[in-house]
Amino acid sequence: MLYIKCPYCGLRSQNEFAYGGDATIKRPNLNQEVSNTEWDNFVYLRKSPRGRHLEFWHHISGCRQWIKVDRDTATHEIFNTYKANEEV
Amino acid sequence: MSQNYRLENVGLINREKKISFKFNKKKYYGYEGDTLASALIANGVHLVGRSFKYHRPRGFFGAGVDEPYAIVQLYRNNETDPNVRATEQELFEGLEAESVNCWPNVNFDIGAINNFLRMFFPAGFYYKTFMWPRSFWYKIYEPIIRKAAGFGKASIKHDKERYEHKYEYCDILVTGSGPSGLASAYAAAKNGAKVIIAEEKSRYGGSLLTSDVNIGNQSGLQWAEKIITELKTMPNVIVKNRSQVFGYYDHNMLVMSERVSDHLPNTEKYTPKQRLWYIRAKEVVISSGSIERPLVFGNNDTPGVMLSSAAKDYIKLYGVLPGKKPIIFTNNDSGYETAIAFEKNGIDPIVLDTRRNPKSAIITEAQNLNINIKFSYVVVAAKGYKKVRSADIAEISDDKKTLGKIENITCDCICVSGFWTPTIHLASQSGNKTVFKKEIDAFIPSKPKQNETTVGSAKGIFTLKETLNDAFENGFNLSNKITNKNIRQSAPSVVEKITSSHDKFWCVPLPKGKNYKRFLDFQNDVAVSDIELALREGFRSIEHVKRYTTLGMATDQGKTSNLNGLQLVSEVEKKVVPQVGHTTFRPPYTPVTIGAIVGREIGKHSKPTRKSPMHSWHEKNNAVFVDAGVWLRPRYYKQGNESLFQASKREAKNVRQNVGLCDVTTLGKIDVKGPDSAEFLNRVYTNAWLKLPIGKARYGVMLREDGIVMDDGTTTRISENHYHMTTTTAQAANVLSHLEYYLQIVWPELNVNVVSSTEQWAGAAIAGPKSRKLLEKLFPDKDVSNEGLPFMGYTEGNFFGCNARIFRISFSGELAYEVNVESNNGYFMWEKIMEVGKEFNIQPYGTEALSTLRIEMGHVAGSELDGRTIPFDNSLEGLVSKKKDFIGKRSLEKTAYTAPDRQKLVGVVPLDKKTSIPEGSYLVKDANAKLPNPKLGHVSASCWSVEYDNPFSLAILKDGKNMIGKKLFALSPLKNKKIPVKIVSSHYVDPEGKRVRS
């Protein structure tokens, strides 16, 4: 079970968190022309890499903050964690 | 029967306390401190089971965790446990056990015919034989094979025993209390670290319990006792016996299974039978020791053939003789310790040493005791069926290929020692890439992946002096990284015998013309010939060979068989062992009971049960409950002998005619606060929110980014920057996460806060034509007229001294209100409304009537918002703003979503106005068309319309808007029904919505 450092609460066990998907995906701005391809890429396409991956986790049974976790999907090594609004 | 094999004055058992137990219904006696295995051997019982495939007789092979044979069905406290290792089960008064995998009994087992047919049961037999005809597999082959195979029987009763989970954190976890574990735990604890030391057996000390050594002028046993006693007194140390650390998971999380009560006749009240520990350790010291390897020879599975170390344990720990005419068959010095133990207890062993001329102190000691030692000798085959009666032995050439003249000697046990295999399971599980160490012919851990350090014989150190020095050093260094206290203990002096090196020989060649089975895996009956066959058939990867032959796949996970299997593959393949590699070690190291894994999360504890503040009122009034997510909601209130159908019809009718009361506490409620709340809601919902005035509610629909409807509900503007959002019961948690996602990640610039307030409010829906009259009585000083509190209006009031929120919203389609009070006042509110409402013939109604009311009104709910529909499908397109952007809007432009014949919500009535249409039915044009009959839509919800007194359903139908008036068929293959139906508007009752506005 992973040990995830929540930037707000410190090291907490994985079972307090919910996985939230790829954190490198940016939602297109509101009220902007978006091509079909661009929109489909945003809604559906995810890379799911083997290796280092920046991902969202939601501290759902804790402080309820969404955080970014820089994690290796193969070894589960966590390199760093960030607040949701921190640029990585 | 008396204990004929029990020695006097030897062992660590308590002879003061005699214990009676039963094996295969026969009564025996043992002593406190015995295992079931040692007590049975003391009574001369050597046949305990039958093997998996050939049903060959099985005795005892080990004395502990590695035991492949002695697996029993245990009865205790009116419960039964399958596949308990007799070598680990401690004896208690009244213990009962039975043999497994034999019928009618262990002495006469019909399945043993397999043994004589074994030429027909080679590796992969099942794969090869039961291929044809295909249909036979499920019906005939598999059931018969299942019946014949398998060991113990799992109980099908509810397990009354209690199991617990515990979470623990420590600086250093030490897995094993042998010399290396004790030393590192002691060094770390003395240096101020928080230490957990776990011992899988009941006694601490590991090899020190039986080895003939001196540490710091005391015996090894005394030293171990001294250290463990001191550790127990230290506040920073947790000492646990009967506790197996069986799994090493990510981020230094280890799981340990503690057998709290398995050694007692009963589990005390509030004490668990077993406890699972989840331990997060900063550093892990793996001191799991090593397991002796068997030597492989003909019929080496005969009862009476056992590991030499096990024989030593039986003598020295339990004072039990495994035999009175033993042969010790060894390729290293360890066998001599067993030989000396026999000799010192008055039994003359014969030692067969595969080596030509080894020299060491212990061999000299054995020679001085006049033990009969034959060098360059091997056991060719064991003789005897249910017990070893003699052994064929022979001299072996230096190249180990040629056997000399075969002699037969009488014996009643053969103790084998093929050197030691480090227990690397935990290190390997943690991700450590193990390496093969040639000098010991085994794998040892190399570079750790996590914070893990292996010490002692688990990393291939087999001298005590080196073990203690290394363990003290590691214990200090690891703890000092954490505590920085620099308190160092020096390793004590050691007196031990220096051993000579082992012989790399491990498998005796077959004599000419003999076809003995030479077993590698004793539990799964995998012999040398099976592996050779698999290799001949082209299996190369050790992982494939393992699966094809089932080598190492039994409940013992190949603890004694893996390395010999690897050696064989490497020999046949002419590769070195490291090239062959070992199979993956996976947790658990030893079997863990399902009970321990589940812990307290059983029955009602498996998920929380949430009840509204009015729950006890519902109970008192004969409510029949239904699970709604984690909530319990009244489905209907039973009067007399009413059925669900009758009760829900009565309740729904009363809402249409008088007034009804429904508990709506379970609806999700979210407080939305902050200056940008309106803008946020405008982005979250499909309709416009910027102009909602204070004191007004609005119905809203929210989408996912892919355009699918996520949830619906009303949101009310309580004050300038404060909104009260409601969600469906089921989606409440998801909606909150969804809102948080957008506020924290996508639009952090919005100044809005959201928090769940579901549990803060108790909610009661008052619905029906007489609801306003009732409300007037409930809030006498409020203007609740159609002008004072119009449809979708909101006001606050005083409910008999309680703060109340009053919403004029309706799910039933009737004139209706929802009153919320603080949860603590919920019961009071409910009772008061029922009391005041008596004169208006108020009745409570449950979810069944609620469904009826909303279905015939054409209001959508979870069965339509099923994660597959867009607003148009639910006839909610009127709520989709064209002027503003919102979550999921761009997806609604998709071709499929804008198709002219897009599916749409419709009403469905059976032509006969009598037959109810099962939910989930398909709508088709032709009831008898050839399959697959083209599906036009499906029935999402059905009810008995109380307005028209006939069945009515909602459906999502292709090109629904042009289908009104058409005749179709509703097919339910599940219920075997074909119902002719007519498509009508989804607004079956009050299509203009007059009532809610009246």
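1. Confidence. In this predicted model, chain B has a mean pLDDT of 93, and 95% of the residues in chain B reach 70 or more. For the complex, the predictor reports an ipTM of 0.98 together with a pTM of 0.88. One caution applies to any stretch that scores poorly: where pLDDT is low, the predicted coordinates should not be read in detail.

2. Contact between the chains. Chain A contributes 17 residues to the contact and chain B contributes 18 residues. On the chain A side, the residues that touch chain B divide into ten nonpolar, five polar and two charged.

3. Domains of chain B. The domain assignment lists domain 1 (1-153), domain 2 (163-290 + 422-495), domain 3 (294-418), domain 4 (512-592) and domain 5 (898-998). Taken over C-alpha atoms, the centres of domain 2 and domain 3 of chain B are 32 Å apart.

4. The parallel sheet. Chain B has an open sheet of five strands in the order β17-β24-β18-β19-β20, with parallel pairing. At its edges are β17 (305-307) and β20 (372-375) of chain B, each of which pairs on one side only. From one strand to the next, the twist averages 20°. Helix α8 (residues 334-344) of chain B packs on this sheet and touches β18 (326-330), β19 and β24 (413-417) of chain B. The direction of α8(B) makes about 165° with that of β18(B).

5. Strand β19 (residues 350-353) of chain B runs parallel to β20(B), and four bridges join the two.

6. Helix α7. Is helix α7 (residues 308-318) of chain B mostly covered or mostly open? It is mostly covered, with eleven of its eleven residues buried. Among these buried residues are Lys312(B), Asp313(B) and Lys316(B), along with Ala310(B), Ile315(B) and Leu317(B). Tyr314(B) and Tyr318(B) are also buried. The cover over the buried residues of α7(B) includes α1 (36-42), β16 (290-292), β17, β18, α8 and β24 of chain B. After α7(B) comes Gly319(B), with a positive phi near 65°.

7. The antiparallel sheet. Three strands of chain B make an open sheet in the order β21-β22-β23, and the pairing is antiparallel. Because β21 (377-383) and β23 (407-410) of chain B stand at the edges with a single partner strand each, one side of each is left without a neighbour in the sheet. The twist here averages 35° from one strand to the next. Strand β22 (residues 390-395) of chain B pairs with β23(B) over four bridges, in the antiparallel sense. Within β23(B), the residue opposite Asp392(B) is Asn408(B).

8. Pairings of β8. Strand β8 (residues 163-175) of chain B pairs with strand β15 (residues 274-286) of chain B in the parallel sense, over twelve bridges. Lys166(B) has Trp277(B) as its bridge partner in β15(B). β8(B) is also joined by four bridges to strand β9 (residues 195-198) of chain B, again running parallel. In that pairing, Leu173(B) stands opposite Ile196(B) of β9(B).

9. Backbone points to inspect. Most residues other than glycine have a negative phi, and most peptide bonds are trans. Asn31(A), which is not a glycine, has a positive phi of about 55°. Asn31(A) sits in the loop between β3 (18-22) and α1 (36-43) of chain A. Asn31(A) has 8 C-beta neighbours inside 10 Å and therefore counts as exposed. Asn252(B) likewise has a positive phi, near 55°, and lies in the loop between β13 (243-249) and β14 (253-259) of chain B. With 18 other C-beta atoms within 10 Å, Asn252(B) is partly exposed.

10. Cis peptide bonds. Where are cis bonds found in chain B? One runs from Pro587(B) to Pro588(B), with omega near 0°. Pro588(B) belongs to the loop between α15 (577-580) and α16 (594-598) of chain B. Another joins Leu931(B) and Pro932(B), with omega about 0°. Pro932(B) lies in the loop between β46 (922-924) and β47 (937-945) of chain B.

Terms used. Residues are numbered from 1 along each chain as its sequence is written. Chains are lettered from A and ligands numbered from 1 in the order in which they are written. This is a predicted model: local features need pLDDT of at least 70, side-chain atom pairs count only at pLDDT 80 or more; totals for chains, interfaces and linings use all residues. Two strands pair if DSSP finds at least two bridges between them. Axes are lines fitted to C-alpha atoms, for helices over the stretch in contact, and angles run from 0 to 180 degrees between N-to-C directions. Two residues are in contact if their C-beta atoms, placed from the backbone, lie within 7 Å. Ala, Val, Leu, Ile, Met, Phe, Trp, Tyr, Cys and Pro count as nonpolar, Asp, Glu, Lys and Arg as charged, and the others, Gly among them, as polar. pLDDT is the predictor's confidence in each residue, from 0 to 100. Domain bounds come from an automatic or database domain assignment. A residue is buried if 20 or more other C-beta atoms lie within 10 Å of its own, exposed if 12 or fewer, and partly exposed in between; C-beta atoms are placed from the backbone.
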